[in-house]
Amino acid sequence: MFDRRRQRRGTARPSSNPGELLPPATMPRPSRAPGGLGGLGLRARHSGLGARLRSIFGSGAEASAATWDGIEEALVAGDVGPTTTLEVVDGARTRYVKSGGRSADLARSALADEIRDRLSGAGVRGFELGPPPAVLLFIGVNGSGKTTTIAKLAARLQREGRTIALAAADTFRAAAIEQLRIWGEQLGMPVIAQRAGADPGAVAFDAVTAAESRGLDAVLIDTAGRLQNKTQLMAELGKIRRIVERRLPGQPRHVLLVLDATTGQNGLAQAEAFSQQAGVTGVILTKLDGTAKGGIAVAIADRLRLPIVFVGVGEGIEDLAPFDAGAYVEWLLAA
Ligand code: GDP
């Protein structure tokens, strides 16, 4: 199916009745958090980590061993993960001592600098689509926000004037094909799809062929998030990847792992499995607006050495922001 019906844009999520926009009232729109977080587009509540850190630093006294123990606990509670936490605290403490620091403020900035450097060290950089047609594979477990993220990124690229197609290579779920098709209709983009149960590799092949023959800038390919077991899933993703590689050398340019920030350390385990076996090039961290534990980004950057390229900050079509390490740290450590 190669569908190109143009519809109105700006929907928060696909309406089951194509062409009918959901009323704005159905979109959760928490008020934008104060504190200059525009860079991340975060309307999220603060991470909670900042409040804990403030209470640790609150006395304004010099950072003591107990201060650092408290920071360690706060980072673990904020989902930074035990191994990364130890390294972050060691690094921050060394910076603090080197700076001749004698105040809680200096300890806080040592911590912020340490986290920012670790995030940047994983290669966080501006997202570049690459020469056309760029092939983007999206992987991640069901429910992580994969389909919504594809639509958000497609809409973003479209706003920049790029021509985009979507491809439904999660042929194991009829609903996933339908969801992508509806998004395509609402965004006015072609959707390459076959019926449920078709070979996902064939859909990926068709997608690349269509993108090339129509001179599109990019094709965004959805993939399965769950099969009978993990080995089968990884084999399937590997197959799609190889088909794309053979069909168009140098592609897929991006293999983006979509990860739900609210799943915390479980998410990290998922990310490890995917990144080892599917050649992930970057992470999109979704639902940051719904978590009080944003520390998972630090763990991802540190453990997996994977850049976080975008963050999902709501259910709306525009709720996708390029990842910015500085803004992220400000949010994470805000009270
Ligand atoms: P998929 O199964 O991975 O394709 O997941 P979906 O794209 O269907 O998303 C699952 C749910 O997560 C939907 O209700 C989305 O609206 C929601 N979702 C996706 N991204 C975000 C986000 O950044 N923030 C919030 N709050 N919800 C999101």
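This is a predicted model: local features need pLDDT of at least 70, side-chain atom pairs count only at pLDDT 80 or more; totals for chains, interfaces and linings use all residues.
Reader: Thanks! Where does Leu 49 lie?
Author: Leu 49 is in helix α1, which covers residues 49-57.

Reader: How far apart are the C-alpha atoms of Leu 49 and Ala 74?
Author: They are separated by 6.1 Å, while along the chain the two residues are 25 apart.

Reader: And is Leu 49 buried or exposed?
Author: Leu 49 counts as buried, because it has 24 C-beta neighbours inside 10 Å. The cut-off for buried is 20 or more.

Reader: Nice. Switching to the largest nonpolar core, which members touch the most others?
Author: Those are Ala 154, Ala 167, Ala 204, Leu 220 and Ile 221, in a core of 102 residues. Helix α11, residues 325-333, supplies the largest share of this core, with seven residues.

Reader: What does Leu 220 touch, again without residues up to four places away in sequence?
Author: Leu 220 touches Leu 136, Phe 138, Ile 150, Leu 153, Ala 154, Ile 164 and Leu 166.

Reader: Great, now the ligand. Which residues come nearest?
Author: Gly 145, Lys 146, Thr 147, Thr 148 and Gly 312 do, out of 19 residues around the ligand. Helix α5, residues 146-159, gives the most to that shell, with three residues.

Reader: How many of the shell residues are nonpolar, polar and charged?
Author: One is nonpolar, 12 are polar and six are charged.

Reader: Last one: how many helices and strands does the protein have?
Author: The protein has 11 helices and nine strands, and 50% of its 335 residues count as buried.

Conventions. Residues are numbered from 1 along each chain as its sequence is written. A nonpolar core is a set of buried Ala, Val, Leu, Ile, Met, Phe, Trp, Tyr and Cys residues joined through C-beta atoms within 7 Å. A residue is buried if 20 or more other C-beta atoms lie within 10 Å of its own, exposed if 12 or fewer, and partly exposed in between; C-beta atoms are placed from the backbone. Helices (H or I, at least four residues) and strands (E, at least two) are DSSP runs, numbered from the N terminus. Two residues are in contact if their C-beta atoms, placed from the backbone, lie within 7 Å. A residue is near a molecule or strand if its C-beta atom, placed from the backbone, lies within 6 Å of it. Ala, Val, Leu, Ile, Met, Phe, Trp, Tyr, Cys and Pro count as nonpolar, Asp, Glu, Lys and Arg as charged, and the others, Gly among them, as polar.
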